[in-house]
Amino acid sequence: MFMRYGSNAILRQWGASVARPAAKTISCRAISASCKANNSITQPIYLTQKRAASTSSAYKGAEFLNRFTDEHAHKLVDVSKVLVIGSGGLSIGQAGEFDYSGSQAIKALKEANKKSILVNPNIATNQTSHALADEVYFLPVTAEYVEYIIARERPDGILLTFGGQTGLNVGIELDQMGVFKKYGVKVLGTPIQTLLTSEDRELFANALKEIDIPIAESIAVETVDAALKAAAQIGYPVISRSAFALGGLGSGFANNESELRNLASQSLSLSPQILIEKSLKGWKEVEYEVVRDRVGNCITVCNMENFDPLGIHTGESIVVAPSQTLSDEEYHMLRSAAIKIIRHLGVVGECNVQYALNPQSLEYRVIEVNARLSRSSALASKATGYPLAYTAAKIGLGYTLPELPNPVTKTTTANFEPSLDYVVTKIPRWDLGKFQQVSRKIGSSMKSVGEVMAIGRTFEESFQKALREVDPQFVGFQGAEFENLDDALSDPTDRRWLAVGEAILNKGYSVDKVHELTKIDKWFLYKLQNIAQAQHEMEDLGSLDKLNEETIRYAKQLGFSDCQIATAVKSDELSVRSKRKSYGIIPLVKKIDTLAAEFPADTNYLYMTYNATTNDIKFDEHGTIVLGSGDYRIGSSVEFDWCAVSTVRALRAAGKKTIMVNYNPETVSTDFDEVDRLYFEELSFERVMDIYELEAAEGIVVSVGGQLPQNIALPLQQQHANVLGTSPVDIDKAEDRQKFSSILGSIGLDQPAWKELTSVEDARKFADEVKYPVLVRPSYVLSGAAMAVIESEAELSAKLESASKVSSDHPVVISKFILGANEIDVDAVAANGKVIVHAISEHVENAGIHSGDATLVLPPQHLDDTILARLKEIADKVAAAWKITGPFNMQIIKEDNPDTGVPDLKVIECNIRASRSFPFVSKVLGCNFIDVVVKALLGQPLQPIDLMAQKRDYVATKVPQFSWTRLAGADPFLGVEMSSTGELACFGKDLVEAYWTSMQATMKFRVPVPPEGVLFGGDINAEYLGIVAKTIEPLGYKFYASSQEVADYLKQHTNTAVEVINFPKDSKKAVREIFGKYNIECVFNLAKQRAKSMDDTDYIMRRNAIDFGKTLFTEPKTSILFAKCLAEKLPAKLANLQKKELIIPPEVRRWSEFLGGKPV
């Protein structure tokens, strides 16, 4: 065991008793941080102090610091009210990790008795709760709106580093505007100048040169010509990196002048400065998470190594912690450099340092430093149990590291460096298959929408667990078919690990050959070869009967699942499970132990492994298991984490012990202070059943984590698990489209005409009967996966094939697609088949846009009391028919019926689980639906409340957050497949005010200002474009059209001159010059359907508006609504900005002011 100067050695000087338990039986290659004691604190300030006589097990650090009177004494920053800047809607590169970090920061403020004011329009987050923040503003995270809040609330402190790049950029802008100085606001934690230095590429390069830290040869530029000149000077290949950007946005590799010209054109439209630097593609990429307090105490909390070589953004790469292939010399060289950097830059709090390391020598380069909480920070926190965000917030308030206790041991100081006896693997989650024309290549800019983290005691175990966590369709390490395997290995895509699996498992490639093609370190490849050899040995045995205890145990130690073993020996999962248990082979539960057994771990943070001999806990609590949502992906995001966290909080409030199962490091639900026991584990039938049996759990909640828990509900019940709430048998009747439709018919509820598909020929006959368009949808899906609107007979075959791939075990249903109808969402909670609470939200967009991409309005503004009553009646019938206890959500279409004059209401979908809109309706109506769910699950008495009958003097709109900028080539056209990565919501006195504020809250949204140019294009056979043009005509914009036909159309609706622009189809540079020449800042492209090819003029218009950062609207109803917003709101906004005094607009109100209290 090693001593750490910052923790254990000091404790012994103070006389605290230090028990040394036996070392763990099995351990993996552990991080060697602990052998280097210097740099833990700046000077030996404790050596002159008297030793304490106490032998108490409680942490003594803070008590001893009371003796000091110099800078090391307990001395907090003098603030009482702190503004916390949130990150806004989830997007690629900036996701749920900032809900986790912001929530931790607010907890730290609350502990220190500081009042917290939070600004964050992401209504789905946990942090936007009065249980955490004292006050919440659902407003845009922009310098303009944050100044309004500062002027209104007068905080004396502000935290900028917990809101991602958005929060950091806003803070820098506010400082440059003089806002902090004007209002006397202290920036807590890392100073603004340090943030500027770390973000401005030229300042950063100069700062590191001052301390002789090597960086890649680079030149900062602000124009395309300067970029080309810099590249010529440095020599190709080069990488372009954007300043003030997140997740590598706007970065990329260029091998020649032509590639760099296109890349720099796009990058400079998104960022004011880019750095051209020499490419180090193929080097190792290594990260260190470093913490520094105000007096210079520094520790490295976690070091991580990318499985993929440099050239793939760390957010796109498989990451392993602690590093497995670094020598001791390499590890300490980079550790020392990280501490040197953080001290020189003056970081106060947490910092991430990324390196490129030459695999052939000790040569290294610093890639970048993030002087804020990041995705890597969240991963490091969950990998080590060290609460980086909480600690950074405490440091920002003035605490020093020795004052703070280590949360894992509860007895030692936070001034320690974790030492791990396990291996953590992070793998990204991509959803690129949802987008047409998008490139699947991965590189220096992020495209992944989420990530998973797995813990094991061998790399093989950890890696295979992580692969299954990414998607249930993966059984573990496996291969897939590729047209050209060598290309798939050397030119990485989101399927690269499958290519490695194919090469090693199925094609017999040697480790040397795979390494040559991928530059992945051979150590990792040899470990993967171990998995392949074990699989081949089981396949050679050929049957379950031939599997002996030793073979099964070895396979489980390598991370094989029961299902994976069953596939290898041509058996089934339950048979393998039965045989495994007959040998007494069950997983063991271990605590996260970041002291490698040097001190006893005292934590409820758990994982399961087959590489151990004893359990670390007693199974005597018999808690209630709550299944989390797993990795964030399109269709399942932070809203389900809010549901899961709200569930465990309500269960604990009811006196129940709670067990959370989840594997997403970005979440609040995987904070171990939220639950009694946290299992960082797979959400598979096998693993959940293992936990249920070991814990002898009271029950399992499957209805709050989205679709993943729902999919295993029936198998869990069939194995006699107590699934709380609605019976999985009844859930299945809603998930299976044929059963669902049959029951709707039996209870007299209308639905679009439908038929189960058994062949393409049947589909043709049905489509001919009901007339095109028709909708194809599979069972058991989330976010509309493989749903498709089919316009003609020619499209049927390909679409049906796609649908069957998504859900091959379940039937596929085809239904009549209704054009021009209104869509309505109903969220509800029932108990024993009776609705207790419900919410009715209307969509702004017509039916045909996925509900996750739609704009929701609550309370609804265009539904009369008769319609509301009919909708409630439908909810009552559904709750009774499915015997629902717990949450459910329905989508209903309202279609005009000219024959009766009364609109038809047709049910198109019902999910018997919490939906993505549960946080929205709970926070808008002031009633936590999940609290009601928990009462229903526990069988507590409940009285129905009609929330929709209460009149409100406000409206809220929930709008989608898209990440089109990240998805090169993707057509930003909306349809039945979900495309958005997040959501936001704002309040207002009416629909226009709420939508006006909500749109400004979307990332990088810019309100076009007259006389800037507005470009029109799309369908001229509908009235929508004309209505938009006529509405904004008085404002003084210049109008442009994509064709003479569009111009002629517009002239019928407006008197404004319309100039025609002919778009070049093969030159990005030329398109950019056109946008610049005509000063086009807003595009309305209302095409009737998605482009069939990439040379379609409407596609070029839409895609380039995204690529060059222009405001884009592609849907008719939201275009008209935004045009109304411009007409009603823009003149006053521009007038107020001209005034010397600050005029605070009416939408700037606390959430509690809208609700009239703090019920949620």
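These legends go with a set of close-up views of one predicted model.

**Figure 1. The whole chain, before zooming in.** This predicted chain has 39 helices and 38 strands. Its C-alpha atoms fill a box of roughly 90 × 75 × 60 Å along the principal axes. For 1160 residues, a compact globule would have a radius of gyration near 32 Å, and the 29 Å found here agrees with that. Of the 1160 residues, 66% count as buried. Take the contacts between residues at least 6 apart in sequence: 73% of them join residues at least 24 apart.

**Figure 2. A five-stranded open sheet.** Which order do the five strands take in this open sheet? Reading across, it goes β3-β2-β1-β4-β5, and the pairing is parallel. β3 (135–137) and β5 (186–187) stand at the edges with a single partner strand each, so one side of each has no neighbour in the sheet. Strands of a sheet pair through backbone hydrogen bonds, either parallel or antiparallel.

Figure 3. β1 (residues 81–85) and β2 (residues 115–119) pair in the parallel sense over five bridges. To find your place, look for I85, which stands opposite V119 in β2. Helix α4 (residues 143–153) lies across β1, β2 and β3. Its direction is at about 165° to β1.

Figure 4. Most residues other than glycine have a negative phi, and most peptide bonds are trans. Here, though, A321 and P322 are joined by a cis peptide bond, with omega about -10°. P322 sits in the loop between β12 (319–321) and α11 (328–345). Another cis bond joins L858 and P859, where omega is about -10°. P859 belongs to the loop that runs between β29 (856–858) and α30 (865–881).

Figure 5. Where does H720 sit? You'll find H720 in the loop between α25 (713–718) and α26 (728–735). Is H720 buried or exposed? H720 counts as exposed, because its relative accessibility is 68%, and the cut-off for exposed is over 50%. K883 is in the loop between α30 and β30 (886–895). With a relative accessible area of 49%, K883 is partly exposed.

**Figure 6. Helix α26 and what covers it.** How many of the eight residues of α26 are buried? Six are, so the helix is largely enclosed by the rest of the structure. The buried ones are P728, D730, I731, D732, A734 and E735. The cover over these buried residues includes α24 (707–711), α25, α27 (737–746) and β31 (904–911).

**Figure 7. L716 in the largest nonpolar core.** In soluble globular proteins, nonpolar side chains tend to be buried together. The largest nonpolar core in this model has 204 residues. Those with the most contacts inside it are L528, L627, L716, V878, F888 and F929. Apart from this core lies another, of 97 residues, with I192, Y288, V353 and L1035 among them. Zoom in on L716 and, leaving out residues up to four places away in sequence, its contacts are L627, F685, V688, M689, I700, V702, A721 and V723.

**Figure 8. L574 and its contacts.** L574 is in helix α21 (residues 573–582). With a relative accessible area of 40%, L574 is partly exposed. Setting aside residues up to four places away in sequence, L574 touches F685 and Q719. F685 also turns up among the contacts of L716. If you want a sense of scale, L574 and W964 are 390 residues apart in sequence and 43 Å apart in space, C-alpha to C-alpha.

Figure 9. An unreviewed UniProt entry places the feature "domain: MGS-like" at residues 1005–1160. In the model, the end C-alpha atoms of this span lie 29 Å apart. The span is 42% helix and 15% strand.

Note on methods:
Residues are numbered from 1 along each chain as its sequence is written. This is a predicted model: local features need pLDDT of at least 70, side-chain atom pairs count only at pLDDT 80 or more; totals for chains, interfaces and linings use all residues. Side-chain values use heavy atoms; hydrogens and water are left out. Helices (H or I, at least four residues) and strands (E, at least two) are DSSP runs, numbered from the N terminus. Buried means under 20% relative accessible area, exposed over 50%, partly exposed in between (1.4 Å probe, protein chains only). Contact means heavy atoms within 4.5 Å. UniProt positions are given in the numbering used here, feature names are shortened, and annotations may be inferred rather than shown by experiment. Two strands pair if DSSP finds at least two bridges between them. Axes are lines fitted to C-alpha atoms, for helices over the stretch in contact, and angles run from 0 to 180 degrees between N-to-C directions. A nonpolar core is a set of buried Ala, Val, Leu, Ile, Met, Phe, Trp, Tyr and Cys residues joined through side-chain atoms within 4.5 Å. The radius of gyration is taken over C-alpha atoms; the globule rule is 2.2 Å times the number of residues to the power 0.38.
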